[in-house]
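Subject: Structure handover

Hello,

Here is the structure I said I would pass on. Please open it alongside this note.

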Amino acid sequence: MKDLKPFVFVIEINDYLFFTISIYLLVSLLKKYQLVLFVNESLKDNKNLKKLTDNYQFKLVYIPKQKKYLKSHFKLNKLFTKHLKKFKPKFIFQCDFNSVENMYMFYLATKFLKNCNKIVYLSSQQRLSNQKFLQYDLRKQHAIFFANKINFLSLWRFFFIFLNLRGSINKYLNYYFMPLIVLKKFPYSFSLKFNFHKKNNKTLFDTLIVYKENEKKLIGDCIDYQGQIVKTIMPQINSPKELNQIIYNDIKQNKNIFIAPSSIGFYSIDKEKKDLDKWIYIISLLELKYADYSFILKLHPNTKYNQDYKNILSYITAKLPKLKIYPQSFCAEQLAITSEIIVSDVSTLLWWASSFEAKIVISFDFCNFLGSDDMKNYSSILYFKVDEKFKFEDLIISKPKVTDNYK
């Protein structure tokens, strides 16, 4: 007998966020719906995705690598149009709202389907209100790095102007002019802001999912969103317990402390030394406090692009010889599952791991970038502000009492 359950789409264009949130949403949806999952083709050989497809029934579609060329836009339009017309989904779930892929799927769904609810689910509360400023700060850091590299620091403003100009050109090409050629009309209303989710003052999606009560206002105000906002529990809390066992096998929690900073390892060692020393100081304090624990470090996946990465690791291990280093590509979720304590600054991993009752999750705020205090808004995460007033005795670690009302 033909399966009469309606179809839903889940689209995740961030590879590592796929395993912190989207897989849990996917498994929950499979209880009531037939599902089509869209992920990047870069995950084709991913072993954990293979485990997912071996144990659950859904259709898997790979999104071609998005390049800044017109051909990529035509491919996206063709791919999404084909599947929208074929499956006619009742719901479309997309993680976050401001990518080219998000735009095409939501715009085309509005064009071809009458009764499809387009839903945005978040990867966490992080940095939405600061995104524009963080973007400028990152470009400034890159500009200074380039100027230093050629031994002309005085030219950093020139590089900064160039990077901002290039970013603006890419923005208007990818979000307006190339889609205009493909779709024969502008998918968005013109905006000088960083958000690209509105057309004629209306959003391209119908519902925004949040996980905390105060996110309704914080995120709604930040993106100027006036539509429906629904508060729900974090997907990993409500997912089948066997899912982690399927993906990560029979992994047991040990006396490990997993350190996963998201803000170091991207630049030259000279530029990062100040922040590296702060992390070394904190890890040294933790080693004194937890002498019988094993310590694990893994930096952000994107640090693989840093030519000074090996020198940064050498600097850290010279100061902390007991620290075990894992490559950037190693599965962070697997390391978190094996660890009793997870430490970072503002990594999404903290938000993900905080849903596990047996773990202590810690955020250290070194006040070194805009948004460094993001995790203070989560009662399930221990938050420490490390400034000149911070002392060893301030490092009181225990499982926090959760007041976020996730459930």
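Below is what was found in it, taken region by region.

Please keep in mind that this is a predicted model.

Six strands make up an open sheet with parallel pairing, and their order is 12-11-10-13-14-15. The edges are strand 12 (324-325) and strand 15 (382-385); each has a single partner strand, so one side of each lacks a neighbour in the sheet. In general, the strands of a sheet are paired through backbone hydrogen bonds.

With strand 15 it pairs in the parallel sense over four bridges, and Asp-365 has Lys-385 in strand 15 as its bridge partner. Strand 14 also pairs with strand 13 (residues 339-344), again in the parallel sense and over four bridges. There, Ile-342 has Val-361 in strand 14 as its bridge partner.

How much of strand 14 is buried? Six of its six residues are, so the strand is largely enclosed by the rest of the structure. Side chains in a regular strand alternate between the two faces of the sheet. In strand 14 both faces are covered: one side has Ile-360, Ile-362 and Phe-364, the other has Val-361, Ser-363 and Asp-365, and all of these are buried.

Helix 2

Helix 2 (residues 47-55) has Asn-48, Leu-49 and Leu-52 buried. Viewed down the helix axis, the buried residues of helix 2 fall within an arc of 100°, so they line one face. Lys-47 and Asp-54, on the other side of helix 2, are exposed. What do the buried residues of helix 2 pack against? Their partners are helix 1 (15-29), strand 2 (34-40), strand 3 (59-63) and helix 9 (242-248).

Salt bridges

Side chains of opposite charge can pair when their charged atoms come close. The count of salt bridges here is six, and three of them are described below.

- Lys-118 and Asp-206 form a salt bridge, with their closest N and O atoms 3.3 Å apart. Lys-118 is in strand 5 (residues 117-121) and Asp-206 is in the loop between strand 7 (202-203) and strand 8 (207-210), so the pair ties together parts 88 residues apart in sequence. Lys-118 counts as buried because its relative accessibility is 7%, while Asp-206, at 33%, is partly exposed.
- Asp-277 and Lys-273 meet in a salt bridge at 3.1 Å, N to O. Both are in helix 10 (residues 269-289), and because they are four residues apart, about one helical turn separates them. Asp-277 is partly exposed at 29% relative accessibility, and Lys-273 is partly exposed at 39%.
- Asp-373 and Lys-376 form a salt bridge in which the closest N and O atoms are 3.1 Å apart. Asp-373 has a relative accessibility of 26% and counts as partly exposed; Lys-376, at 47%, is partly exposed as well.

A nonpolar surface patch

Which residues make the nonpolar surface patch? Leu-165, Ile-169, Leu-173, Phe-177 and Phe-190 do, and the patch covers about 470 Å². Of these, Phe-177 lies in helix 6 (residues 156-183). Phe-177 counts as partly exposed, because its relative accessibility is 38%.

Regards

Methods. Residues numbered from 1 in each chain as written. Predicted model: local features only at pLDDT ≥ 70, side-chain atom pairs only at ≥ 80, totals over all residues. Heavy atoms only, no water. Patch = residues over 30% accessible without salt bridge, like charges linked within 9 Å, V, L, I, M, F, W, Y side chains within 5 Å. Areas by Shrake-Rupley, 256 points an atom, 1.4 Å probe, with all protein chains shown as cover. Salt bridge = Lys/Arg side-chain N within 4 Å of Asp/Glu carboxyl O. Helix = DSSP H or I, 4+ residues; strand = E, 2+ residues; numbered from the N terminus. Buried < 20%, exposed > 50% of the residue type's maximum accessible area, 1.4 Å probe, protein only. Pairing = 2+ DSSP bridges. Arc of directions from axis to C-beta. Contact = heavy atoms within 4.5 Å.
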